[in-house]
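Here is a short briefing to read alongside the model.

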Amino acid sequence: MAKILDKQRYKCAMSAMQTVQAIERAIPVLHSGPGCAQKLSSSSGSSGYFSPNIYPCTSINEKDVVFGGVQKLQSTIEHSLNVIDADLYVVLTGCIPEIVGDNTEEVVEGFKDAKKPVIYASTAGFKGNNYKGHEQVVESIVDNLLEKSDIRVKGLVNIWADVPYQDEFWHGNLRELEKLVRELGLTPNTIFGFKRGLDNIKKIPTADFNLLISPWVGLHNMKKMEKKLGIPYLHYPTLPIGAFETSKFLRAVGEYAKVPKEKVEKIISEKEEYYYYYIERYADLFLETRVMSKQFTVVSDAQYALGITKFLVNDLGLYPAKQFVVDDTPKEFRDSIKTYFKELNYGIEADISFETDGFKIHSEIKEHDYHGYPLILGGHWEKQVAKETDAHFINVSWPVNERLVMNSYYVGYDGGLKLIEDIYSVARTRFN
């Protein structure tokens, strides 16, 4: 009997069109059926310079399955270059052209002398989800647009985090990560978001090092750039949320970049003083809110499951029930991610499950004794189980249907304060 996957938390690899869209003035050119873009554009804030509903697309049909769709792809790319004012064109393949054997790479190779760069990423849905599709787009950029440079700009750091739009806090998180790196006297370089884009892509080979803030997404890209471009990388697996992890993050980056320790500690001291000023002002609320949860569960991708778990244990002193990682993490990374969840204060270790089936996740949540009101941080799918368990619920991961996220973020000292605001705003509704 076929397995039914309930409440899926990711999309197919061709959703990497959102990774392309996050690069300013880049445009996806889809070699796929006519409905793919519309079905995959379910994140808010994705209209932008070109919305998914009007991406150039070959819209292949039954005839193209029989006779091939390369001629249609050729004309679609040609028309896109003539009609669309963009800086970068990224051809993405759906399932059908890869099943029937269209040589997309050869067609794209024919545009190597075009007036604007045209590159190709293999993103058929059967090859993986949009986390892998994101890596495929970055790999294509490295393979086709970048060459090893003899120039090294001292203090220039390429910053990479999780997947744009899949993480609806991506823009605000990246900008805050830039600020933290800039505090250390380094120069951040990112390719996603406002006034980034092709110019920043061109700077990548000149950086001192790559900084990856993610449990696993992007790690293959870092190794690729180290091999091809000679750029070393620092892998920091935990999204830094709140004082404890952000201070740890600054020390790790400072040490790797050889920033004087005295400078790093001075920055941390000033930031923590600012952070704990607010914590002290609201200590009475934190200590006397008897309806606040004693245990929590995060249902999210590895990035937020790990980052939020560390924050809630290390900064707020809550205790973790089981945490659910729902991004279909490749098996090669699972053991290392499990060890990250054991690196909590007070000797606490969090039990985690790599699970993609919402029915199983919700069943385990309902069976667990949270010793009071549960705190559930997850996707929109968790709203129902939160009602059934009388839990505090915050929609922090995809799908995000309970809130609008424009430039908000959870990264850093201010991001930790924002998450506290969100949690206690929900908890205080018990009084109303």
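## Salt bridges

Asp87 has a relative accessible area of 22%, so this residue counts as partly exposed. Keep in mind as you read that the model is predicted.

**Arg25 and Asp87**

- The side chains of Asp87 and Arg25 meet in a salt bridge, with 3.0 Å from N to O.
- This pair links distant parts of the chain, 62 residues apart: Arg25 lies in the loop between α1 (17-21) and β1 (26-31), and Asp87 in the loop between α4 (70-83) and β2 (88-93).
- Arg25 is partly exposed too, because its relative accessibility is 25%.
- Both residues belong to a network of salt bridges that links Arg25, Asp85, Asp87 and Lys116.

**Other charged pairs**

- Over the whole structure, the search finds 23 salt bridges.
- One of them joins Lys271 to Glu183, where the closest N and O atoms are 3.0 Å apart.
- Here, too, distant parts of the chain are linked: Lys271 sits in helix α12 (residues 261-281) and Glu183 in helix α8 (residues 170-183), 88 residues apart.
- Lys271 is partly exposed at 26% relative accessibility, and Glu183 is partly exposed at 33%.
- Lys383 and Glu402 form another salt bridge through their side chains, at 3.2 Å from N to O.
- These two are 19 residues apart, with Lys383 in helix α17 (residues 382-388) and Glu402 in the loop between β13 (392-395) and α18 (412-427).

## Sheets

**The three-stranded sheet**

- Three strands make up an open sheet with parallel pairing, in the order β1-β2-β3.
- The edges are taken by β1 and β3 (118-121); each has a single partner strand, so one side of each is left without a neighbour in the sheet.
- From one strand to the next, the twist averages 25 degrees.
- Four bridges pair β2 with β3 in the parallel sense.
- Within this part of the model, Tyr89 stands opposite Val118 in β3.

**The four-stranded sheet**

- Another open sheet has four strands in the order β5-β4-β6-β7, again with parallel pairing.
- Its edge strands, β5 (187-189) and β7 (233-236), each pair on one side only.
- Neighbouring strands of this sheet are turned against each other by 25 degrees on average, with direction ignored.
- Strand β4 (residues 156-160) runs parallel to β5 and is joined to it by three bridges.
- Leu156 has Thr187 in β5 opposite it.

## Aromatic rings

- A pair of aromatic rings is described by the distance of the centres and the angle of the planes.
- The count comes to twelve aromatic pairs.
- Among them, Trp216 and Phe333 are stacked, 5.8 Å from centre to centre and with 25 degrees between the planes.
- Trp216 and Phe333 are both buried.
- The rings of Tyr275 and Tyr276 give an edge-to-face pair, because their planes stand at 90 degrees, with the centres 5.0 Å apart.
- Are the two tyrosines of this pair, Tyr275 and Tyr276, buried or partly exposed? Tyr275 counts as buried at 2% relative accessibility, whereas Tyr276 is partly exposed with a relative accessible area of 36%.
- Ring pairs also link Tyr131, Trp216 and Phe333 into a cluster.

## Nonpolar surface patch

- Which residues make the nonpolar surface patch of about 370 Å²? Ile96, Ile99, Val100 and Phe126 do.
- One of these residues, Val100, is placed in helix α5 (residues 95-100).
- Val100 has 34% relative accessibility and so counts as partly exposed.

How values were computed
Residues numbered from 1 in each chain as written. Predicted model: local features only at pLDDT ≥ 70, side-chain atom pairs only at ≥ 80, totals over all residues. Heavy atoms only, no water. Phe/Tyr/Trp six-rings, centres within 6.5 Å; stacked < 30°, edge-to-face > 60°. Buried < 20%, exposed > 50% of the residue type's maximum accessible area, 1.4 Å probe, protein only. Patch = residues over 30% accessible without salt bridge, like charges linked within 9 Å, V, L, I, M, F, W, Y side chains within 5 Å. Areas by Shrake-Rupley, 256 points an atom, 1.4 Å probe, with all protein chains shown as cover. Salt bridge = Lys/Arg side-chain N within 4 Å of Asp/Glu carboxyl O. Pairing = 2+ DSSP bridges. Axes fitted to C-alpha atoms, helices over the stretch in contact; angles between N-to-C directions.
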